Amino acid sequence: MNRQPPCDCDMATVFPLDLLANILDRVPDPRDRKSCRLVCRGFLRAEELHRRSLRVLRLEALTGLLRRFAAGLERLDLSACPALDDRSLSAALAAGVDLLRLRSVSLSRASGVGWRGLMALVDACPHLEAVDLSHCVGVGDREAAALAAAAGLKELRLDKCLGLTDVGLATVAVGCAGLEILGIKWCLEISDIGIDLLAKKCQDLKELDISYLKITNRSINSISSLGKLEVLNMVGCSDIDDEGLQSLKHRNNSLRSINVSRCENVTSSGLTSVIEGSNCLQKLNVGDCFPELAPLFLSKLNGLKDSLTVLKLDGFQVSASSLKIIGLNCKNLAKIGLSKCQWVTDEGICELVASCVHLTTIDLTCCRLLTDKALMAIGDQCKQLRCLRLESCSLITDKGLEYIGTCCSNLEEIDLTDCSITDTAMQNLSRCSKMLVLKLGLCYMISDEGLVHIASNCRKLHELDLYRCVEVTDDGLAAIATGCKLIQKLNLCYCTKISDRGLKQVSHLVDLRDLELRGLPHVSSSGIAKIAIGCRRLSELDLKRCNLVNDEGLFALAQYTENLRQINISYCPVSGMGLCMLLGTLKCLQDVKLVHLSLVPIEWFEIALRASYEKLKKLKLLTGMRNLLSPLLIEKLQLRGCRIRWVDKPPAAC
């Protein structure tokens with residue numbers, strides 16, 4: 001159907017453009033805003049002048065969109081734009097576009113962009129303040145030098161830019177002395193030398209992520225001189241110990257958040273030093289550092305009684321007495337993480353929540369000793385609870401969840417993966433009308449009846465995980481599709497009673513973006529075609545081991561799911577023609593898993609990959625294909641930044 005142009009009546013002759021833009025700002029749904037733009041040319045011009053942010057999904061549209069919205073554009077997201085490289089970025093920026101107001105650009109995972117493209121970006125955007133290059137594995141010192149020309153840069157994300165060394169970091173530090181936020185997580189070539197120079201040149205740093213760097217206590221000593229630093233993330237820095245943390249004690253009182261999780265050489269002594277030196281600390285993450293909480297550390301938490309709101313102790317041995325002390329010393333806690341903590345019992349949770357009545361998030365994942373008594377205490381005390389994670393808490397039952405459903409009316413997220421609950425629990429939780437995320441994976445006793453309860457009242461639900469809920473059928477999906485129309489993420493993997501009839505119901509979820517259908521023996525290409533036609537916003541799809549999905553299903557996806565970015569068709573009986581159609585047609589496709597496609601000859605693999613190599617960022621193939629595919633093709637993929645994962649899996653693997 002041809003789209004009708006905006007009507008000739010122009011509301012701009014009656015109302016000023018500022019007023020029309022104000023009206024558009026108050027329309028929350030993008031589809032409704034699009035409808036407004038079709039009403040008249042006035043709304044169309046109002047958006048062009050007042051739009052502040054833009055996310056581009058297709059490379060061919062980039063230049064036109066920049067021209068159209070340049071006047072007011074402040075934030076540009078190119079992270080989902082496939083095949084973006086130096087040439088295309090430079091061309092779009094050089095097409096007579098005035099981007100004087102542009103402040104923030106995201107190029108996350110844009111692996112084709114190098115120093116030439118970044119130079120063009122800096123030249124075209126003189127007021128640039130924030131750039132995100134995270135997960136651009138090919139970015140190195142030359143790219144850092146290009147960014148260093150943006151003297152006004154305040155925020156820079158370089159996480160997992162594997163080519164970045166001390167030289168590149170030094171260039172950025174000298175050129176962008178006003179940096180306030182810097183992420184260099186997983187930049188493994190950076191050492192103490194680079195961190196030392198960074199600390200000397202960028203004294204305005206407020207947030208720094210140095211996680212997984214091979215740095216020592218010398219770096220922490222340098223960082224301690226940053227008088228404005230508020231957030232320090234140093235996850236997995238295995239060469240840092242208590243001596244390094246002690247340097248923070250007397251030299252940095254501005255810290256509001258510190259994450260030292262997985263720093264295996266840090267003990268309670270070092271953390272005690274941090275607490276003593278940061279009496280305004282709001283967030284403390286010490287998960288998986290050392291096994292047991294020392295009494296001195298627990299007592300020092302009293303010094304943070306007015307400020308600490310987030311405490312994560314994942315992997316510790318936490319006794320009831322420890323939780324009692326935490327409760328008494330940290331009464332303002334809003335979030336606590338006790339995932340995989342040993343010794344957590346009902347008594348301990350009762351002691352904790354008796355004092356911490358303001359908790360909104362409680363993570364009790366794999367706390368296997370807990371029973372309904374703990375849930376009753378949480379329901380009685382934590383009336384503001386919004387997120388509760390109970391994965392693998394196998395002793396809780398429907399009775400405990402009755403208290404949660406009755407008392408915690410503000411609950412928005414609950415994880416009940418691998419819990420022994422029934423449909424009665426769903427009836428109880430259906431009282432939580434604000435529920436957004438519900439995870440029920442491996443809950444084998446949940447059936448259609450439970451989903452009917454959820455659908456009756458949880459109409460705001462955005463994410464539903466039914467992984468291996470083997471009693472769920474098409475009728476349950478029909479109830480969900482009718483009652484929970486806002487679902488964006490749905491996991492139906494190994495729900496073996498689901499068929500094409502159920503997918504027809506799912507196809508009515510027009511906001512669906514992420515759909516997992518792995519291992520569904522009764523789903524065929526007919527059902528996939530219905531999904532493709534109905535769920536036009538779909539961006540991620542898992543069809544692994546859907547043995548009835550063939551070329552017909554791929555043809556439908558190629559024709560209708562133009563926003564699809566990630567797909568897994570491993571073990572599906574598709575041909576080379578179907579594979580070529582899929583990879584060659586979908587312009588947004590960036591992540592594909594193609595393991596054990598036994599009907600696809602190696603020649604067709606070559607053709608399909610050559611047709612899509614410019615846009616692919618992740619590729620999963622059998623190890624045996626490494627010697628069969630053209631070395632030149634593999635090299636071209638890798639030069640474009642595509643990360644190939646070679647796996648050894650037998651045909652019967654799941």
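How many helices and strands are there in the protein chain? In this predicted model, the protein chain has 26 helices and 24 strands. Its C-alpha trace spans about 70 × 70 × 60 Å along the principal axes. A compact globule of 654 residues would have a radius of gyration near 26 Å, and the 27 Å of the protein chain therefore agrees with a compact globule.

One helix pair can be followed in detail. Two packed helices are described by the angle between their axes and the distance between the axes. Helix α8 covers residues 166-175 and helix α9 covers residues 192-201. Their axes lie 9 Å apart, at an angle of about 0°. Angles under 35 degrees count as roughly parallel, so α8 and α9 are roughly parallel to each other. On the α8 side the contact is made by D166, L169, A170, A173 and V174, and on the α9 side by I193, G194, I195, L197, L198 and K201. By class, this contact of α8 with α9 has eight nonpolar, one polar and two charged residues.

Rolling a probe the size of a water molecule over the atoms shows where empty space is left. Searching the whole structure gives one cavity of 30 Å³ or more. The largest cavity holds about 60 Å³ of space. Its lining includes C81, A83 and L84, then R109, A110, S111 and G112, and also E614, K615, L616, K617 and R640. By class, the residues of this lining are five nonpolar, two polar and five charged.

Technical notes. Residues numbered from 1 in each chain as written. Predicted model: local features only at pLDDT ≥ 70, side-chain atom pairs only at ≥ 80, totals over all residues. Heavy atoms only, no water. Axes fitted to C-alpha atoms, helices over the stretch in contact; angles between N-to-C directions. Helix = DSSP H or I, 4+ residues; strand = E, 2+ residues; numbered from the N terminus. Parallel < 35°, antiparallel > 145°, perpendicular 65-115°, else oblique. Contact = heavy atoms within 4.5 Å. Nonpolar A, V, L, I, M, F, W, Y, C, P; charged D, E, K, R; others polar. 1 Å grid on protein atoms, 1.4 Å probe; cavity = no way out; pocket = protein on both sides within 12 Å on 5 of 7 lines; lining within 4 Å. Points joined across faces, edges and corners; volume = space filled by probe spheres on them. Rg over C-alpha atoms; globule rule 2.2 N^0.38 Å.
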